[in-house]
Amino acid sequence: MFDTRNSLVLSGGNVKGSYQAGALKALFNHTFPDGSKFKPGAIYGVSVGAMNGGFIADRAGQAALKGQEPDWPEIGNELEAFWRNNITSFASIGKKRSAFSLALKIIGGKFNGLTKMDGAAELARANIRYENLKASKTYYACGVTNMRTGDYFDADVGTFGEDILDYVIASTREPVNMPIMWVKDQPLVDGGVRNIAPLAPAIKRGAEKMAIIAMKPDHMSVVESKKEFGNMLKLLKRTLGTLTNEIMNNDLEKVRDINAACQKELDAGGQVHTAGKRIIEFVEVRPQERLAIDSTDFTSDDIKRLIKQGEEEAKEQLAKGWLTGNE
């Protein structure tokens, strides 16, 4: 059985996952006032958060196979190095389809994404392995959306076995922008379409402390240019961003509401009487403003910049310690 009381929740965000990598490095290297360090017993990720989370769980599994405890600070350092060394341009993870190719596929009813993402899939398979996830003492699940049914589900190695990497890759596939991942004749895409930051699965599995690392601020950036609304892809991204951002904000507000209700019961009688309810402490790391990077046109310097920003902003939030929302 897994000890899921310390949970790590990783949102989606494409190459903004570099910000998340920097934040994770800061989290795993941080010492809290009581002398403790955060050691995740469970990891929940969607989209690039599924990739980052899978990388972390894989390294924990490697340690388990050696009969060792995971060196979490070193794992954080290794994840940062992975981003610095491997995600250097869009060409390192994908390729844009030509306008001619897209036109032919659209006319022929065979459209399958504006880009190819073979490089990203290869990186996932080279750095996350079934045997390591199976051996890991840290529970890992990636969120996936089934486009045939519209359902969101969490995929873990206990349920899907050796096919787990297919689901990890599916979780990274943004619909329209990237190809659909067909697994066992099911069209699967990014879980972030339905659940941008999987707080609910973490709470359901008994989280008492949650470290949440997201790549979107708690508000939408203001768009002034009319051209943004005249571009079909940008309008689609804006629509999805508006919907998913609200889901995350609502989930976190539910945590605060539950904490407040539990605190009232504690203050009144010394214990919580509401079945299944408990105070959940959390650390929330997310940028103050939209992260500036073009997911199909970026450089190694852009990645390094976001890594540094994620690390610095995580340190600021971690210095506040564990919160309940009642502060």
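Student: At what angle do helix 1 and helix 3 pack, and how far apart are their axes?

Tutor: The model is a predicted one. Two packed helices are described by the angle between their axes and the distance between the axes. For helix 1 and helix 3 the angle is about 160 degrees, and the axes are 8 Å apart.

Student: Are helix 1 and helix 3 roughly parallel or roughly antiparallel, and what is the hand of their crossing?

Tutor: An angle over 145 degrees counts as roughly antiparallel. With an angle of about 160 degrees, helix 1 is therefore roughly antiparallel to helix 3. As to hand, the crossing of helix 1 with helix 3 is left-handed.

Student: Is Lys25 buried or exposed, and what is its relative accessible area?

Tutor: Lys25 lies in helix 1, which spans residues 17-29. A residue counts as buried under 20% relative accessible area. Lys25 is therefore buried, its relative accessible area being 19%.

Student: Which side chain does the side chain of Lys25 join in a polar contact of 3.3 Å?

Tutor: Leaving aside neighbours within four places in sequence, Lys25 is in contact with Gly76, Asn77, Glu80 and Glu311. The polar contact of 3.3 Å links the side chain of Lys25 to that of Glu80.

Student: Is Glu311 buried or exposed, and at what relative accessibility?

Tutor: Glu311 belongs to helix 12. Not counting residues up to four places away in sequence, Glu311 touches Gly22, Ala23, Lys25, Ala26 and Glu80. Glu311 counts as buried, with a relative accessibility of 17%.

Student: How close do the axes of helix 3 and helix 12 come, and at what angle do they cross?

Tutor: Helix 3 covers residues 72-86 and helix 12 covers residues 300-318. The two helices are roughly antiparallel to each other, and their crossing is right-handed. Their axes come within 9 Å and cross at roughly 160 degrees.

Student: Which residues in helix 12 meet helix 3, and how do the residues of this contact divide?

Tutor: On the side of helix 3, the contact involves Glu80, Trp83 and Arg84. These meet Ser300, Ile303, Lys304, Ile307 and Glu311 in helix 12. The residues of this contact comprise three nonpolar, one polar and four charged.

Student: Against which helices do the buried residues of helix 5 pack?

Tutor: Helix 5 runs over residues 118-127, and Gly119, Ala121, Leu123, Ala124 and Asn127 within it are buried. The helices against which these buried residues pack are helix 2, helix 3 and helix 8.

Student: How many of the eight residues of helix 8 are buried?

Tutor: The buried residues in helix 8 are Ile164, Leu165, Asp166, Tyr167, Val168, Ile169, Ala170 and Ser171. Helix 8 is therefore largely enclosed by the rest of the structure, the number of its residues that are buried being eight of the eight.

Student: What is the phi of Val176, and where is Val176 found?

Tutor: Val176 is partly exposed, at 34% relative accessible area. In space, Val176 is 7.2 Å from Asn112, C-alpha to C-alpha, although the two are 64 residues apart in sequence. Val176 is not a glycine, yet has a positive phi of about 75 degrees, and its place is the loop between helix 8 and strand 7.

Student: Is Asp185 buried or exposed, and at what relative accessibility?

Tutor: Asp185 is in the loop between strand 7 and strand 8, and has a positive phi of about 65 degrees although it is not a glycine. The cut-off for an exposed residue is over 50%. Asp185 therefore counts as exposed, at 54%.

Student: What percentage of the residues in the protein chain is buried?

Tutor: The chain has 12 helices and 10 strands. Of its contacts between residues at least 6 apart in sequence, 75% join residues at least 24 apart. Among the 327 residues in the protein chain, the buried share is 50%.

Conventions. Residues are numbered from 1 along each chain as its sequence is written. This is a predicted model: local features need pLDDT of at least 70, side-chain atom pairs count only at pLDDT 80 or more; totals for chains, interfaces and linings use all residues. Side-chain values use heavy atoms; hydrogens and water are left out. Axes are lines fitted to C-alpha atoms, for helices over the stretch in contact, and angles run from 0 to 180 degrees between N-to-C directions. Helices (H or I, at least four residues) and strands (E, at least two) are DSSP runs, numbered from the N terminus. Angles under 35 degrees count as roughly parallel, over 145 as roughly antiparallel, 65 to 115 as roughly perpendicular and the rest as oblique. A crossing is left-handed if the near helix is turned anticlockwise from the far one by less than a right angle, and right-handed if clockwise. Contact means heavy atoms within 4.5 Å. Ala, Val, Leu, Ile, Met, Phe, Trp, Tyr, Cys and Pro count as nonpolar, Asp, Glu, Lys and Arg as charged, and the others, Gly among them, as polar. Buried means under 20% relative accessible area, exposed over 50%, partly exposed in between (1.4 Å probe, protein chains only). A polar contact is a pair of N or O atoms within 3.5 Å; within protein, one must be able to donate a hydrogen and the other to accept it, and residues adjacent in sequence count only if both atoms are side-chain atoms.
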